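Work through the exercises below with the sequence and the model in view. Each task is followed by its solution in steps.

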Amino acid sequence: MLAAMPPPSTTPPNQGEPRIADPLGAVVHDVRATAQDAAGRPARPAPVVRDRDDACPGTLRLHTADDGRLARLRLPGGILTVRQVNALAAAAERYGDGHLGITSRGNAELRGIGDSCGTGLAELLRHTALLPSERHERIRNIVASPLAGLDNLGHGTLHPWLRELDALLCAQDWTPALSGRFLFALDDGRGDVASLGADVTLLAQEGGDTAVVRVGASTLRVAAADAPRAALEAARAFLATAAAAGTGAWRVRELPPGHEVALARTLADAGIPAEPAPVPDAHATAPEPGTAAAPDGTYAVIVAPVLGRVTSTQLRALAGPGGEVRITPWRGFVLPGFDERTAHEKLRQLHDAGFITTPDAPWAGVGACTGRPGCAKALADVRRDALPGPGGLPVHWSGCERRCGHPHGDWVDVTATPDGHYTVAVRGAGERQVPMEQGELAVAVAAARSTAATGPARTQATGTGTGTTTR
């Protein structure tokens, strides 16, 4: 059974990564809805109204948790040099709990930071170009297709877009007004990060000369050379739209009806030629652990840490001949620049170091929030209770109903409840009930992971939170 509930936390809600949304697309913790409208149909939620500033943590604005202070490092596109990886390993050892947490946006978190360690941490990050601007560090939220340029599925590298967009964000006086949750996605055309619910999305087009920019329901085609500037102007237009709406919206999806971002007019005013474009396909597919062959004959190694956390020793083991490490929005790592033989050797080394290296590994697709004892809102030690096993659908273990860091698309939701149990549900396109008797949590989770989310029903199964395992 789970331990008694901890005392209430003074931490504002929505401190972590994106929360689960209700069936009508609103953020659960920010809306209220009546049960039915006049016709007896489910009523749409009221618009999101924000009555406070965004308190999302950063590198300089640390969050106080039950296990010490927390720093969230924005890593545009998840791209790091080996020197920066080693700096993060040193930071984890010197200032944190010896681990680095990977978020669902390809960012990094340090936990267990002492009260007097913030200045030293900031200095270390400045010296390795991980903190290029103190005013802008919380708004450098950019995810990118992690295999861009490393296989034959997309339309080339995204590095030029990443560098230009990051530089544009850091050069403007107005961009710090964006929420720490406002998200840009740069997709190489395969549609992977385009499905992650970003506020502004750029998608490379075949041939490399054009790009699609998407904001809310608006989708326009621009010249590829104009794409980063178009993304910046879209963010500026969002701030103006949010100010006019007066609801304090942090994200595009929080804008009330009648207050859509006027993308076409915005780009025209900025002198960026644009034309209508169809909505592109998007599929939230994580790169599978293993190797990938690049067009230039090199190979990339793809691995993932168990439950999204790595030790400082594991971090240092990621160094490869390409001089680069990419963190994915699915809490994995991509290491480019190997030849075929050394790629397989590296994969074996990382397996021995404790990484997930094959798609059928027991911990593949299993995620968890921080849970107890680090989070005061958690009702369970989900990292202890989380179970490995065969998968299909990814599964996410949550310590409370906020479900911090849950996956996109179809996924299995395992959530702790105040009565010492877990609920299990399949979320996404639809949900199916998972039959479960008392104490059969592992059986229910395994059944849910092998079940396609195709039906509209929203059903749940409940079991005790007594799953035990060693890892």
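**Exercise 1.** Are R326 and E324 buried or exposed, and what links their side chains?

Step 1. R326 and E324 are both buried (under 20% relative accessible area with a 1.4 Å probe and protein chains only; over 50% is exposed, in between is partly exposed).
Step 2. Their side chains meet in a salt bridge, N to O 2.7 Å (a side-chain nitrogen of Lys or Arg within 4 Å of a carboxyl oxygen of Asp or Glu).

Before going on, note that this is a predicted model, in which local features need pLDDT of at least 70, side-chain atom pairs need 80 or more, and totals for chains, interfaces and linings use all residues. Residues are numbered from 1 along each chain as its sequence is written, and side-chain values use heavy atoms, without hydrogens and water.

**Exercise 2.** Which parts does the salt bridge between R427 and D413 tie together?

Step 1. The N to O distance in this pair is 2.5 Å.
Step 2. R427 belongs to strand 20 (residues 421-427) and D413 to strand 19 (residues 411-416), so the pair joins parts 14 residues apart in sequence (strands are DSSP runs of E, at least two residues, numbered from the N terminus).
Step 3. R427 is buried at 12% relative accessible area, and D413 is buried at 1%.

**Exercise 3.** Describe the pair D67 and R111.

Step 1. The closest N and O atoms of this salt bridge are 2.9 Å apart.
Step 2. D67 sits in the loop between strand 1 (63-65) and strand 2 (68-73), and R111 in strand 5 (residues 108-113), so parts 44 residues apart in sequence are tied together.
Step 3. D67 is partly exposed at 29%, whereas R111 is buried at 7%.

Definitions and conventions: Helix = DSSP H or I, 4+ residues; strand = E, 2+ residues; numbered from the N terminus.
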